[in-house]
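Subject: Structure handover

Hello,

Here is the structure I promised to pass on. Please open it first, then read my notes below.

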Amino acid sequence: EDATSAASPEVRQALFMSRLASLITARARGGALLLCLEDLHHADSASLHALDYLSRRVADAAIVVLATLRPEEEAYEAGYLQHLQGDLQRHTHVYRLELGALTEEETRSLVRSCFRREGFTPDLFDALFRRGGGVPLHALQYLDLLIARGVVYPEQGLWVNRGLQETDLPDSVRAAIRSRIEGLGEEERDLLSVAAVQ
């Protein structure tokens, strides 16, 4: 039994954090490093503690940590994450950028950027904007569902759409994702379940 395994949980955690910071700093010596941490409102306390530790230990390294969160989520409002955000903003190298919803024109540009050539009708863009609520992820989830249902399809190298019907788009993005999952085979759903746990 080595000294680390015999140490208290607090010491083991401190050693882990130190090694993690050293590993990331060493990796950044080979060139600038970008770490993306998405959906912090779903992070556990250990992950948030690691982010807090890293923010204090890697300030002088060529590292950018990009963390995203939705402040309207209950997990954010519950406490520690909100407190951590306040602590992080005390550092001179930490910046907060609040993103608003996409406009109708920005949603149209986002959708168009997904295709080399497209000839979509205005009602498709309008539906994706209204149902997506200006949230890029939601608009793209609805778009993927329309592709899976054959509403959006390629024709002679051009992506087009047929006329939209009320039943083409569900009322929520969760329902859109659920509909896409239900269309997968059993093996794909099993793989998705394992990936979700990871």
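Contact here means heavy atoms within 4.5 Å. With that in hand, take Arg 112. Leaving out residues up to four places away in sequence, Arg 112 touches Glu 118 and Phe 125.

Two notes on the source. This is a predicted model: local features need pLDDT of at least 70 and side-chain atom pairs count only at pLDDT 80 or more, while totals for chains, interfaces and linings use all residues. Residues are numbered from 1 along each chain as its sequence is written, and side-chain values use heavy atoms, with hydrogens and water left out.

The overall picture

The protein has 10 helices and four strands. Both kinds are DSSP runs, numbered from the N terminus: helices are H or I with at least four residues, strands are E with at least two. From the N terminus, the order is α-α-β-α-β-α-α-α-α-α-β-β-α-α.

Of the 198 residues, 24% count as buried. Buried means under 20% relative accessible area, exposed means over 50%, and partly exposed lies in between (1.4 Å probe, protein chains only). Take the contacts between residues at least 6 apart in sequence: 63% of them join residues at least 24 apart.

Helix α6

Back to Arg 112, which is found in helix α6. Its relative accessible area is 38%, so Arg 112 is partly exposed. A polar contact of 2.8 Å joins its side chain to that of Glu 118. (A polar contact is a pair of N or O atoms within 3.5 Å; within protein, one must be able to donate a hydrogen and the other to accept it, and residues adjacent in sequence count only if both atoms are side-chain atoms.) Arg 112 and Phe 125 are 13 residues apart in sequence, and their C-alpha atoms are 9.4 Å apart in space.

Thr 107 also lies in helix α6. Is Thr 107 buried or exposed? Thr 107 has a relative accessible area of 3%, so it is buried. Leaving aside neighbours within four places in sequence, Thr 107 is in contact with Leu 102, Leu 128, Phe 129 and Ala 139.

The aromatic cluster

Rings of Phe, Tyr and Trp (its six-membered ring) pair if their centres lie within 6.5 Å; planes under 30 degrees apart count as stacked, over 60 as edge-to-face and the rest as tilted. A search of the whole structure finds three aromatic pairs. In one of them, the rings of Phe 115 and Phe 120 have centres 5.1 Å apart and planes at 80 degrees, so this pair is edge-to-face. Phe 115 counts as buried at 12% relative accessibility. Phe 120 is buried too, at 8%.

Phe 115 also pairs with Trp 159, and that pair is tilted: 5.1 Å centre to centre, 50 degrees between the planes. Phe 115 lies in the loop between α6 (104-112) and α7 (122-132) and Trp 159 in strand β4, so the pair ties together parts 44 residues apart in sequence. Trp 159 is partly exposed at 25%. Ring pairs link Phe 115, Phe 120, Phe 125 and Trp 159 into a cluster.

The hairpin

Strand β3 (residues 152-155) pairs with strand β4 (residues 158-161) in the antiparallel sense, over four bridges. Two strands pair if DSSP finds at least two bridges between them. Val 152 stands opposite Asn 161 in β4. Two residues sit between the strands, and Gln 156 in this hairpin takes a positive phi near 55 degrees.

Best wishes
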